[in-house]
Amino acid sequence: MGILRVMSRRGDDRVTWDKQKALMGESDTLAAVREAERIFAQERAKGATAFKVETGKPIERIEQFDVTAEQIVMVPRVVGG
Amino acid sequence: MSLITQVLTILCSIVIALAIAPMVWLILQPYLKGWSRAERRASNLLRDILTPDQLRQLVWRGYLEVPSPSEPQRVYRVPRAKGYVQVIENGRATMRLCVQPVECLPDADIVLLHKLMIEANEETYLQKANKYICID
């Protein structure tokens with residue numbers, strides 16, 4: 001499963017998709033992927049940063065939505081306090 | 001007991017209750033926050049991403065140490081609750097950093113935000129942070 005998690009005041013909002021079905025082009029899964037891509041682009045436009053988090057691998061900052069990612073975590077824009 | 005004494009007793013009780021209420025609220029607030037849905041969700045996300053050792057450190061010591069990916073002798077000490085991130089170099093605190101999200105987030109999400117930014121975006125993290133040098 002792939003999962004997009006967006007940090008917010010509600011905790012985190014999430015969208016999940018089946019990576020295998022997405023690669024096979026299954027329509028419901030593609031709809032979930034499109035929704036995740038839309039949220040990703042919307043949050044990036046607001047200044048959020050996206051990180052690809054995968055078990056046993058270093059955390060990686062990403063600029064583009066990655067359908068093959070195990071988990072993408074988006075954090076809101078940060079400022080000096 | 002006269003009526004005046006009874007009224008005075010009730011008034012005194014109300015005054016004492018009003019004086020104690022803010023203190024009780026301050027003591028209970030962190031526990032009540034932990035029960036909120038947002039805090040629970042944020043804690044679950046944090047548990048998913050931290051290793052058992054990191055989680056233990058956060059719970060028992062009240063902070064999470066994140067090693068710098070660029071400077072081997074540098075460690076960032078991220079507090080469990082809101083506060084400054086301490087920069088430790090060669091075992092000594094050299095700087096305090098203040099970085100915060102533009103959106104209000106649960107405490108557990110803020111810990112994770114620091115970890116992600118430091119591990120994968122350290123340069124931007126340091127650029128954005130307000131820095132306070134520690135002087136011995």
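This is a predicted model: local features need pLDDT of at least 70, side-chain atom pairs count only at pLDDT 80 or more; totals for chains, interfaces and linings use all residues.

Student: What makes residues 37-49 of chain B helix H2?

Tutor: Helices are DSSP runs of H or I with at least four residues, strands are E runs of at least two, and both are numbered from the N terminus. H2(B) has 13 residues. From first C-alpha to last, H2(B) reaches 19 Å, close to the expected 18 Å; that expectation is 1.5 Å times one less than the number of residues.

Student: Which residues of H2(B) are buried?

Tutor: B:Arg41, B:Ala42, B:Leu45, B:Leu46 and B:Ile49. They span an arc of only 140° around the axis, which puts them on the same side of H2(B); the arc is taken from the directions from the helix axis to the C-beta atoms. Buried means 20 or more other C-beta atoms within 10 Å of a residue's own, exposed means 12 or fewer, and partly exposed is in between, with C-beta atoms placed from the backbone. Exposed B:Arg37 and B:Arg47 sit on the face turned away from the buried side. The cover over the buried residues includes S1 (2-8) and S2 (11-17) of chain A, plus H4 (107-128) of chain B.

Student: Why is helix H3 of chain B said to lie largely in the open?

Tutor: Of the 10 residues in H3(B), residues 52-61, the number buried is one, so the helix lies largely in the open. After H3(B) comes B:Gly62, with a positive phi near 85°.

Student: Which residues touch the most other members of the largest nonpolar core?

Tutor: A:Met74, B:Val111, B:Leu112, B:Leu113 and B:Leu116, in a core of 42 residues. H4(B) supplies the largest share, 10 residues. A core here is a set of buried Ala, Val, Leu, Ile, Met, Phe, Trp, Tyr and Cys residues joined through C-beta atoms within 7 Å. Leaving aside neighbours within four places in sequence, the contacts of A:Met74 are A:Val6, A:Met7, A:Glu43, A:Ala48 and A:Ala50; contact means C-beta atoms, placed from the backbone, within 7 Å.

Student: How do you know that S3(B) and S4(B) pair?

Tutor: Pairing takes at least two bridges found by DSSP. S3(B) and S4(B) have five, in the antiparallel sense, with B:Gln86 opposite B:Arg96. S4(B) is also joined to S5(B), residues 130-133, by four antiparallel bridges, and B:Leu97 stands opposite B:Lys131 there.

Student: Why does B:Asn90 count as exposed?

Tutor: B:Asn90 has 8 C-beta neighbours inside 10 Å, so it counts as exposed. B:Asn90 is in the hairpin of S3(B) and S4(B), with two residues between the strands, and takes a positive phi near 50°.

Student: What joins S6(A) to S4(B)?

Tutor: Three bridges, with the strands antiparallel. A:Gly80 stands opposite B:Val99, and A:Val78 opposite B:Pro101.

Student: How many residues does each chain bring to the contact?

Tutor: Chain A brings 22 residues and chain B 25. The side of chain A that touches chain B divides into 10 nonpolar, five polar and seven charged.

Technical notes: Residues are numbered from 1 along each chain as its sequence is written. Chains are lettered from A and ligands numbered from 1 in the order in which they are written. Two residues are in contact if their C-beta atoms, placed from the backbone, lie within 7 Å. Ala, Val, Leu, Ile, Met, Phe, Trp, Tyr, Cys and Pro count as nonpolar, Asp, Glu, Lys and Arg as charged, and the others, Gly among them, as polar.
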